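Hello,

I am handing a structure over to you. Please open it first, then read my notes below.

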Amino acid sequence: MAKTIKFTLDGRVIEAREGETVLQAATRLGLLIPHYCWHPALGNPGNCRMCNVEVEGAPKALVSCRLYPKEGMVARSAAPAPRRWQSAALEFHLVDHPLDCPVCDQSGECGLQDYYMNSIGRYRSSMRDNKWHMGKRMVLGPHIMLDQERCIMCTRCTRFVDLISKSHELGIFGRGHSQVIDLVPGRVLDNPYSGCVADVCPVGALTDRDFRFQVRVWYLDWTDSICPGCSRGCNISAHTSTRRPWQNKGLRLARVKPRYKPEVNGHWICDEGRYGFLNYDSDRLGKVMRLKPSAEELSWEAAAAEVSSALRRKPAEGLAVMASGRLSNEDWQAFQKLFLEKLNVRRFLFAPEPDQVGAEDELLRRRDKAPNLEGGKAVGFGTRIASMSWDSLAADIEAGKVWGLYAVDRDPVKVWDQRGHELLERLDLLVYQGPRKGLTGELAHYRLPATDWLEEKGHFTNFQGLVQPYRQALKPLGAAKPDWAIFEGLAARL
Amino acid sequence: MAMLPFSVIRPRQGFVERTYLWEALHGLIVTFRHLFLNLGRHLLRLLGARVAPGAVTIQYPEQPAVLGRRARARHFLLRRADGFPRCTSCLLCETICPAKCIHITAEESPDVMVEKRAKSFDIDLGLCVFCGHCVEACPCDAIHMDVDQVELSSYTRSGMIWSLPALMRGKPQGGAPS
Ligand code: SF4
Ligand code: SF4
Ligand code: SF4
Ligand code: SF4
Ligand code: FES
């Protein structure tokens, strides 16, 4: 067992692991010592001076982010003297701070506000000089904006671009009082992880551009979820705005923030996942429809009866099924039961669409942009059963070998383009099931509305084989049901 | 919403209650107490005594109502020099409002020192309870309730929702502007 060091903090005996600082040990145990510049993934430059503690025998204040405990050491962070030092450090941070809280998007989750209201605010300024003005609402890149006045020079953002994204777009310019964060000349903050600098910034200096003025953070509901953007399966927190529907332009999903998971994504997520949800509420399906031969809205019972008999109308050899890696493990189970066990289908397509293959890097992003192809493998898709390619399926439809197609959240028209319309018109039966209409939804005989990831709960298996749960954040729209429930409804009638 | 039937337990009435005599007399006592109290005050003041003034009847609505200095009437949004509301759309009033009747959306202000301003500001005066919390919460002193306009009525519910231009108009006379 690793060696531990026992010391006392505020009267409580703490066991620090070897190599841990006082601040790290305290934070691990949920004890709050104020801090700005230390970040577990970005090191401890010791420049914010907020984490001051008093150590018995030491002649002066020590910063706990750089203090390694000694056996039997007695430290205090909440006693009057260290509180006074911390509050003096906070007062220095606020010397030129604009106190823009009414218009600042960080308000409500700001490190300055938190510590100020939590016992170390002075509530009386001893400053007589006017505040310095610096750059405001500066656009740094496609996603991030900077307010230099609100910055407290903790250097977390520059350390992020130096150590994590290794793209070095940000730098510290000037000295002393006139020191500011800014872009390195000629650069734009456009690395694939640029959104993370807004997360690490403890104040409202770096904020999201797409979230700007949309909704106050205290109206958001946080739900633990998994990013459906690629097979990494980053742990995220989905922040939804449903209490005040006139805010956030009426959209229910306001923003996505990373959730710490050391073995998957650490503290970070990529920009594609963070900002790629803007179409979440668009083009959504909420009605169970038969579109051909006659258009009519159906109940789920009627639709299940009609679709299940239509699936049986001709031999299963001519039936093809498309699914995507967007299905959860629960969906894959029910999918397998319906199409393999009950219907004995032979033609499956779960290969990615061309735009589901993308950029990959060492940090997080994976080439495979579907979150859960791995979950399909667990029930045989991709191991026992191979996927057809888009071309071979098109050829089979062309040759008249396929009479029916069941597309689950896939858009063949998008892939096959002009030819797609002709191919799908040839089919005797086209069932489309998914959360969004897409191009294929228009051509289907039956269109079944499914919930999207935030409206259901389930599990994704990531590329490492880790099964991770995501929770329900929103109510389903209209009659939409989770995919597994639709599959089970059909299977019950076969 | 389904209505649940429930029974009201009425208090048992004795002989005194059933004759109504005592309650009628009680009412008369209250009325006459006010009459003689006010009469007495008016008379004493006529004779030069410094007692509290007696009650006066105002012929409302022919005569305008007299409101106390701290009376809370409908809201009034103050303006900046550029004609836009002073409100920076911080949503503190919307947050504190117990009736949830304030709806604000924000937009970018061209003035960098203002940064954020209200794009729309709606108050549903049909829901407002005139508590004044919104005035207290505002960090910009942008919202007042001192225009002394209490005659707020409309033939429709939506007519009770006041929006930006109307809320910025000072002390108008009479009913809600269309
Ligand atoms: S950074 Fe914090 S303290 Fe500063 S204006 Fe924003 S919310 Fe207020
Ligand atoms: S912009 Fe934010 S993260 Fe960067 S130094 Fe300033 S306060 Fe720290
Ligand atoms: S007076 Fe009270 S109820 Fe009316 S808008 Fe203001 S906070 Fe809401
Ligand atoms: S509290 Fe004042 S500044 Fe804030 S939204 Fe309300 S009226 Fe506007
Ligand atoms: S956290 Fe210790 S000095 Fe900043």
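Here is what was found, taken by topic.

This is a predicted model: local features need pLDDT of at least 70, side-chain atom pairs count only at pLDDT 80 or more, and totals for chains, interfaces and linings use all residues. Residues are numbered from 1 along each chain as its sequence is written, chains are lettered from A and ligands numbered from 1 in the order in which they are written, and side-chain values use heavy atoms, with hydrogens and water left out.

**Domains of chain A**

Chain A has domain 1 (4-93), domain 2 (128-275) and domain 3 (289-491). The bounds come from an automatic or database domain assignment. The C-alpha centres of domains 2 and 3 of chain A are 35 Å apart. There, 30 residues of domain 2 of chain A touch 27 residues of domain 3 of chain A (contact means heavy atoms within 4.5 Å). Together these two domains bury about 2500 Å², with 60% of it on carbon and sulfur atoms. Buried area is the accessible area (1.4 Å probe) that two parts lose on being put together, summed over both.

Three salt bridges cross between domain 2 of chain A and domain 3 of chain A (a side-chain nitrogen of Lys or Arg within 4 Å of a carboxyl oxygen of Asp or Glu). A:Arg252 and A:Glu455 form a salt bridge at 2.7 Å, N to O.

**Chain B against chain A**

Chain B splits into domain 1 (15-46) and domain 2 (76-168). Their C-alpha centres lie 45 Å apart.

The contact between the chains takes 24 residues from chain B and 16 from chain A. It buries about 1600 Å², and carbon and sulfur atoms give 55% of that. On the chain B side, B:Glu108, B:Glu115 and B:Lys116 lose the most area to chain A, together 32% of what that side buries. Five salt bridges are counted between the chains. B:Glu108 also pairs with A:Arg212 in a salt bridge, at 2.7 Å, N to O.

**Ligands**

Ligand 2 is surrounded by residues of chain A, including A:Cys151, A:Cys154, A:Cys157 and A:Cys201 (a residue is near if one of its heavy atoms lies within 4 Å). Ligand 3 has 14 residues around it, and the closest are B:Cys97, B:Cys128, B:Cys131, B:Gly132 and B:Cys134.

The shell of ligand 2 has ten nonpolar, one polar and one charged residues. The shell of ligand 3 has eleven nonpolar, three polar and no charged residues. Ala, Val, Leu, Ile, Met, Phe, Trp, Tyr, Cys and Pro count as nonpolar, Asp, Glu, Lys and Arg as charged, and the others, Gly among them, as polar.

Best wishes
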